[in-house]
Amino acid sequence: MELKGAELEQVKNLLKPGDYYLSGNEAAAEGAIACGCDFYAGYPITPSSEIMERMAQRLPELGRCFVQMEDEIGSISAVIGASWAGARAMTATSGPGFSLMMEGLGYAVFTETPLVVMDIQRAGPCTGQATRVGAGDIMQAKWGMHGDVQVIALSPWSVQEMYELGIQAFNMAEKYRVPVVLLGEEAIGHLRERIRIPERVPIIRRDRSKDRPPFGTEEPAGIPPMPAFGEGAHLLVTGSTHDPWGVRRTEDPEVHQRLVERINRKILARREEICRTEEYFLQDAEEAVIAYGFTARSALYAVRRLREKGRRVGLLRLQTLWPFPEQAVDTLSRRVKRILVPEMNLGQVLGEVQKVARCQVQAYNQVNGEIIHPEAILESMERRG
Amino acid sequence: MARDMDAYLREEIQSTPFCPGCGHGILMGAILRAIDGLGLSMERMLFVSGIGCAAWIPSPHFKADTLHTLHGRAVAFATGAKLYNPELITVVVSGDGDLSSIGGNHLIHAARRNLDMTVICANNMIYGMTGGQVASTTPLGAQSSTTPSGNQEPPFDLCGLVAAAGATYVARYGVVQPLLLQRAIQRGLQNKGFSFIEALSPCPTQFGRRNRMGSAGEALKGLRDSLVSRKEASKMGKEALQGKVIYGEFVHG
C-alpha cells in the first residue's frame with residue numbers, strides 16, 4: 001500500500017511462523033494480534049465469542065489490554081476511547097450486537113477514528129438463528145448508520161483470509177482513519193483449516209503529527225493526522241459537526257457540507273486502491289458468478305464442474321464489499337452475457353451489481369441458516385444455461 | 001473575577017453557552033479550582049462528556065484533551081481511554097439524564113469495576129437542552145414538558161445507586177456550596193478508584209420556570225434552603241425530610 005504520513009514497517013510475527021490448524025475466529029484474533037492490536041473490548045455473542053475468548057487469553061499475556069464490557073454499546077464506545085488514547089483497538093460481535101453498535105460506528109466515521117469491528121454474521125433478522133450462518137449484514141455495515149458515511153468492509157472466504165484480512169483491516173483503519181468491518185460469517189468463523197503464519201507482518205501506523213489540524217485538510221479528499229490523548233495536543237473530539245480543529249460548528253452549513261463530503265470522498269477517491277477482487281477462469285468466460293465469503297467457495301466448486309462440462313464460466317470473488325468494487329464488476333459485465341449473484345441473504349450485493357452491470361444479472365438467494373451448497377449453484381447455473 | 005482560571009481555558013473560546021442563572025458555570029469553576037488546588041497538569045488530563053448542557057462544561061472550554069461523546073456513553077468511552085493509558089487523569093463531566101438514564105448501565109458497571117476515574121454529575125433534575133422533559137432525577141410531582149400533570153415516578157438517589165454499585169468515593173453538594181463542592185472534587189480526584197460527585201445545579205430556564213421557582217437567584221436560594229447535611233438528616237423524621245436533599249460524603253476512604 002502506498003503511504004503518505006503514516007509509517008509502514010515489517011514486524012516479526014508473535015506466533016512462530018509455520019502451519020497451524022485454527023478456526024476462522026481464532027485466526028482473525030491472531031491476525032489482529034500480529035498486526036499490533038493492543039486493545040479489545042467486547043460482549044459475548046454467538047457465533048463470534050471465540051474471538052473474544054482468544055483475546056482474553058492472548059492480550060494480557062502480551063501485556064496488552066482486554067476488557068469485557070457491559071454491552072455492545074459500551075464495547076464500541078470503549079474501543080473509540082482507546083483508539084483516541086493511541087490504541088489499535090477492536091471489538092467483535094454478531095447481528096444483534098452489530099445493530100447496537102451502529103451509533104458508535106457512526107461516531108467513529110464522523111470523528112475519523114481508526115478501529116476494527118469483526119462482525120461474524122449469523123442468520124437474522126432479530127435473534128434469528130443464533131448458531132446458524134447468514135450474510136444479512138452487508139447493507140447494515142454501510143447503511144445502518146444515520147447520515148452519509150463510508151466504511152471499509154472486507155469479506156474473507158477462508159481461515160487463512162480471516163488471518164490476513166484481520167491484519168489488513170487494522171492497516172486500512174489506521175491509514176484511512178476509518179472504521180473497518182470484517183464481515184465474517186458463522187461458517188468461516190467456525191471452520192477449521194490449515195493456515196500458514198508468515199514470518200513477518202506489514203504494519204501501518206497512523207500519522208500522529210501535531211502540526212496540522214486533526215479534523216480537516218486543504219484537499220477535499222484528504223486524511224488529517226491524528227495525535228493521541230496525553231500528548232499535549234489539547235484535542236477537541238466531538239461527534240457534532242466540527243471545524244478542522246474540532247471546535248463544534250453546529251449551525252454553519254459550509255462547515256457541515258465540507259466535512260461530510262470529505263469523510264465520504266477520502267474513501268471513494270481511493271476506491272480502486274482499497275478494493276480487492278480475485279478472478280477465476282474469467283479470461284474466456286461468457287458467463288460469470290460474482291460471490292463473496294463462504295458462498296464464493298461453493299461458487300468456485302460449481303464453476304470448476306461447469307468448466308469440466310465445457311461451459312465457459314468464471315468467478316469474480318469480492319474480497320472488498322465496501323466501498324463496492326464497481327470497476328471490477330463493470331469491466332466483467334462488458335465481457336460476459338450474464339452474471340449470477342448467489343448470496344446468503346435476499347439480494348444485498350445483487351443490488352450493487354445491478355447498479356453497475358451492463359449485462360443480465362440473476363440472483364440465487366438462500367436464507368435458511370445453512371451455507372449455499374455447491375450443487376445448488378451448479379444446478380442454478382445449469383437450469384439457466 | 002472569573003479570570004483567575006484563565007490558564008485552564010482555551011483562549012479562543014470567549015463565552016459559555018449556559019443560560020443566565022444556570023448553575024453549571026459555578027460547577028465549571030469548582031472543577032478548575034479543584035485541579036488548580038491539587039496542582040494537576042492539564043496535559044495529563046482527559047475530560048469526557050456525553051450529550052446535554054453539562055457535557056459542554058469541559059468541551060470546548062477546557063484547555064486539555066476533551067472527548068465529547070454520544071448521549072449516555074461518556075463513561076464507556078472514558079473506560080477505554082483510561083484502561084489503555086492509565087496515566088490519563090480521566091474526568092467525566094455530564095448531566096443527570098446522560099449519566100443515569102440513557103447511560104445508567106455504563107455508570108453502575110464502571111462503579112462496580114472501581115475504575116480510577118472521577119465522574120461529576122451536574123444534576124439539574126430535567127432534560128435542559130432538549131426542552132425540559134422529565135428525567136430519572138425529577139422530583140415526584142414536578143412539572144416538565146412531558147409530565148403535564150406532574151411527575152408520577154420517584155427519582156433515583158444517584159449517590160445511593162453508585163455507592164451500592166461499588167464506587168469508592170461518593171459525595172453530593174449543591175453549587176450553592178462551592179467550597180464544599182470543590183473539596184469533594186479534589187477528594188474524588190485523589191481517590192484511587194471510582195469517584196462520583198453529584199453537583200446539584202439549578203436550571204432556571206427549563207425546571208425553574210415550569211415549577212414556579214422564581215428568578216435564577218430565587219432558584220439558588222431554594223436549593224440552599226432544601227439542603228440538609230447527613231448529620232442534620234440523621235436527627236430528622238421522614239416527614240421533616242420531605243422535599244429536602246441530603247448533602248455530604250456518602251462513601252470515602
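# Chat about a predicted two-chain model

User: Let's start with V162(B). Which residues does V162(B) touch, leaving out those up to four places away in sequence?

Analyst: Not counting residues up to four places away in sequence, V162(B) touches L107(B), A111(B), A167(B), V170(B) and F196(B). Keep in mind that this is a predicted model.

User: What are the predictor's scores for the complex?

Analyst: The complex gets an ipTM of 0.97 and a pTM of 0.97. For chain B, the pLDDT averages 96, with 99% of the residues scoring at least 70.

User: OK, on to the chain contact. How many residues of chain A are in contact with chain B?

Analyst: 34 residues of chain A are in contact with 28 residues of chain B. On the chain A side, the elements giving two or more residues are β3 (39–42), β4 (65–68), α3 (72–84), α5 (102–110) and β12 (236–238).

User: Which of them gives the most?

Analyst: That's α3(A), with nine residues. By type, the chain A side that touches chain B divides into 19 nonpolar, 11 polar and four charged residues.

User: What does β12(A) pair with?

Analyst: β12(A) pairs with strand β2 of chain B, residues 65–68, in the parallel sense over three bridges. L236(A), for example, has T66(B) in β2(B) as its bridge partner.

User: And what order do the strands take in that open sheet?

Analyst: Nine strands, in the order β12(A)-β2(B)-β1(B)-β3(B)-β4(B)-β6(B)-β5(B)-β8(B)-β7(B), with mixed pairing. The edge strands are β12 of chain A and β7 (227–229) of chain B, each pairing on one side only. Neighbouring strands are turned by 20 degrees against each other on average, ignoring direction.

User: How many bridges join β3(B) to β4(B)?

Analyst: Five, between residues 89–95 of β3(B) and residues 117–123 of β4(B), and the two strands run parallel. One of the pairs is V93(B) with I120(B).

User: Which helix lies across β3(B) and β4(B)?

Analyst: Helix α2 of chain B, residues 74–84, lies across β1 (45–49), β2, β3 and β4 of chain B. Its direction is about 175 degrees to β3(B).

User: Back to I120(B). What is I120(B) in contact with, leaving aside neighbours within four places in sequence?

Analyst: I120(B) is in contact with I31(B), V91(B), V92(B), V93(B), I185(B), I197(B) and A199(B). I120(B) also shows up in the largest nonpolar core: of its 206 residues, M90(A), V116(A), I152(A), V180(A), A81(B) and I120(B) touch the most other members. Helix α7 of chain A (residues 159–176) supplies the largest share of this core, 10 residues.

User: What about the open sheet of five strands in chain A?

Analyst: Its order is β13-β15-β14-β17-β18, again with mixed pairing. β13 (277–280) and β18 (360–365) each have a single partner strand, so one side of each is left without a neighbour in the sheet. The twist averages 20 degrees from one strand to the next. Inside it, β14(A) (residues 287–291) and β15(A) (residues 313–318) pair in the parallel sense over five bridges, with A291(A) opposite R317(A).

User: Which peptide bonds are cis?

Analyst: One joins W322(A) and P323(A), with omega about -10 degrees; P323(A) is in the loop between β16 (320–322) and α12 (326–335) of chain A. Another runs from S59(B) to P60(B), with omega near 10 degrees, and P60(B) is in the loop between β1 and β2 of chain B.

User: Last one: which residues have a positive phi although they're not glycine?

Analyst: Among them are H234(A), at about 45 degrees, and R212(B), at about 50 degrees. H234(A) is in the loop between β11 (200–205) and β12 of chain A and counts as partly exposed, with 19 C-beta neighbours inside 10 Å. R212(B) is in the loop between α7 (204–208) and α8 (216–226) of chain B and is exposed, with 8 other C-beta atoms within 10 Å.

Note on methods:
Residues are numbered from 1 along each chain as its sequence is written. Chains are lettered from A and ligands numbered from 1 in the order in which they are written. This is a predicted model: local features need pLDDT of at least 70, side-chain atom pairs count only at pLDDT 80 or more; totals for chains, interfaces and linings use all residues. Two residues are in contact if their C-beta atoms, placed from the backbone, lie within 7 Å. Helices (H or I, at least four residues) and strands (E, at least two) are DSSP runs, numbered from the N terminus. Ala, Val, Leu, Ile, Met, Phe, Trp, Tyr, Cys and Pro count as nonpolar, Asp, Glu, Lys and Arg as charged, and the others, Gly among them, as polar. Two strands pair if DSSP finds at least two bridges between them. A nonpolar core is a set of buried Ala, Val, Leu, Ile, Met, Phe, Trp, Tyr and Cys residues joined through C-beta atoms within 7 Å. A residue is buried if 20 or more other C-beta atoms lie within 10 Å of its own, exposed if 12 or fewer, and partly exposed in between; C-beta atoms are placed from the backbone. pLDDT is the predictor's confidence in each residue, from 0 to 100. Axes are lines fitted to C-alpha atoms, for helices over the stretch in contact, and angles run from 0 to 180 degrees between N-to-C directions.
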